[in-house]
Amino acid sequence: MKKKFEFAKYAPFVALVILVVISAFASPHFLQTRNILNILRQVSYTGIIALGATLVIISGGIDLSVGPMTALVGGCSIMALNLTSGGPFGLFVAIIAGLFAGCIAGALNGLIVTKGRIAPFIVTLGTMSVFRSLALYISGAGEFRSNSELYSEIGSGRFLTIPIPVWTFFVLAVLFHILLNNTRYGRYVCAVGSNEQVAVYSAIKVNLIKFFGYVLTGLTVGVSAILLSSRMNSISSSNAGMFYELDAIAAVVIGGTPMSGGTGTIYGTVIGAVILGIVNNMLNMMGVSPYLQGAVKGLIIISAVLLQYKKKN
């Protein structure tokens with residue numbers, strides 16, 4: 001029996017190819033290596049966070065706090081670095097501090113959602129405000145500035161001419177793909193998001209699965225915050241991570257993961273992040289006001305959700 005081609009499964013990839021072709025005709029500079037690497041580097045920060053957000057959304061949750069969390073975690077990383085001499089050991093301390101702070105922030109979200117039995121939207125909306133306020137208070141509403149010149153080598157460095165954030169994004173994407181598709185935890189994430197009651201009857205520890213989803217999202221925020229703060233050797237408490245939650249959720253939804261959870265792919269999220277990067281790049285090339293780019297992202301999210309809703313019905 002001839003297998004039916006599942007267009008919906010490959011829709012994000014088809015959309016990416018069409019967008020690349022249109023962009024190549026719209027601007028002769030689009031396909032230049034420098035521009036492509038610039039797009040990938042820009043999307044890598046939110047793309048890394050979107051990998052963790054994919055697990056949370058597949059399990060039926062959402063995390064709106066990742067933007068302010070990025071500012072706070074980046075600040076913690078720089079403060080830990082400044083407590084040392086700033087050499088290689090200082091970099092090690094800064095990385096561990098950033099990852100640990102991200103996991104703690106994610107665990108806080110997970111604990112309140114699972115133990116408090118409060119809707120994830122409400123919890124992360126509240127912690128979004130908490131994380132931003134803490135970052136502003138600790139920094140005195142200013143910047144967290146590093147005293148180490150070596151720190152900037154992490155975020156602005158290159159390996160084989162490709163920026164380190166891009167390498168980090170794709171390596172983590174492979175690891176999260178394996179986690180989602182080749183481990184028991186990944187199958188449980190899909191089961192919890194598909195039907196939580198059935199998952200409970202199947203002896204799946206639903207709260208633990210959800211909790212680890214938020215911790216992993218916090219871990220990805222930690223990685224992104226280290227890369228972002230090290231690239232600039234500082235991080236702003238008021239602007240850093242602004243709208244990262246919007247970009248992360250948009251990447252997940254455009255990549256084909258429904259907001260209702262249950263299914264989703266990591267490669268879809270990667271494609272969704274790249275699509276957003278290309279859209280931003282083309283809007284900049286066409287001279288569209290940066291104030292309107294948020295509106296474009298919002299319309300893309302609404303369109304993606306509408307398409308999923310129509311497909312479901």
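Does Thr161 count as buried or exposed, and at what relative accessibility? In this predicted model, Thr161 has a relative accessibility of 58% and therefore counts as exposed, the cut-off being over 50%. Thr161 sits in the loop that links strand E2 (158-159) to strand E3 (162-163). Its phi is near 70°, a positive value in a residue other than glycine. Most residues other than glycine have a negative phi. A positive phi, of about 55°, also occurs at Arg117, which is not a glycine. Arg117 belongs to the loop between helix H4 (88-115) and helix H5 (120-139), and with a relative accessibility of 68% Arg117 counts as exposed.

Confidence was examined along the chain. The average pLDDT is 88, and 95% of the residues score at least 70. The highest mean, 95, belongs to helix H7 (residues 164-181), whereas the lowest, 74, is found in H13.

Helix H3 spans residues 66-82, 17 residues in total. The distance from its first C-alpha to its last is 24 Å, close to the 24 Å expected at 1.5 Å a residue. Of the 17 residues of H3, 14 are buried, so that the helix is mostly covered.

Aromatic contacts were considered next. The structure contains 3 aromatic pairs. In one of them, Phe159 and Trp167, the ring centres are 5.6 Å apart and the planes meet at 65°, so the pair is edge-to-face. Trp167 is partly exposed, with 31% relative accessible area. Phe211 and Phe212 make up an edge-to-face pair as well, with 5.7 Å from centre to centre and 70° between the planes. Phe211 is buried, at a relative accessible area of 19%, whereas Phe212, at 38% relative accessibility, is partly exposed. The cut-off for burial is under 20%, which is why Phe211 falls in the buried class.

The second largest pocket holds about 830 Å³ of space. It is lined by 26 residues, of which Met242, Tyr244, Asp247, Asn280 and Lys297 are the closest to its centre. At least two lining residues each come from helix H2 (33-58), helix H10 (206-232), helix H11 (244-254), helix H12 (266-285) and helix H13 (290-312). By class, the lining comprises 12 nonpolar, 10 polar and 4 charged residues. One of the helices that contribute to this lining, H13, is also the element with the lowest mean confidence in the chain, at 74.

How values were computed
Residues are numbered from 1 along each chain as its sequence is written. This is a predicted model: local features need pLDDT of at least 70, side-chain atom pairs count only at pLDDT 80 or more; totals for chains, interfaces and linings use all residues. Side-chain values use heavy atoms; hydrogens and water are left out. Helices (H or I, at least four residues) and strands (E, at least two) are DSSP runs, numbered from the N terminus. The expected span of a helix is 1.5 Å times one less than its number of residues. Buried means under 20% relative accessible area, exposed over 50%, partly exposed in between (1.4 Å probe, protein chains only). Rings of Phe, Tyr and Trp (its six-membered ring) pair if their centres lie within 6.5 Å; planes under 30 degrees apart count as stacked, over 60 as edge-to-face and the rest as tilted. On a 1 Å grid over the protein atoms alone, a cavity is a set of points where a 1.4 Å probe fits but cannot get out, and a pocket is an open set with protein on both sides within 12 Å along at least five of seven lines; lining residues have an atom within 4 Å of a point. Grid points are joined across faces, edges and corners, and a volume is the space filled by probe spheres set on the points. Ala, Val, Leu, Ile, Met, Phe, Trp, Tyr, Cys and Pro count as nonpolar, Asp, Glu, Lys and Arg as charged, and the others, Gly among them, as polar. pLDDT is the predictor's confidence in each residue, from 0 to 100.
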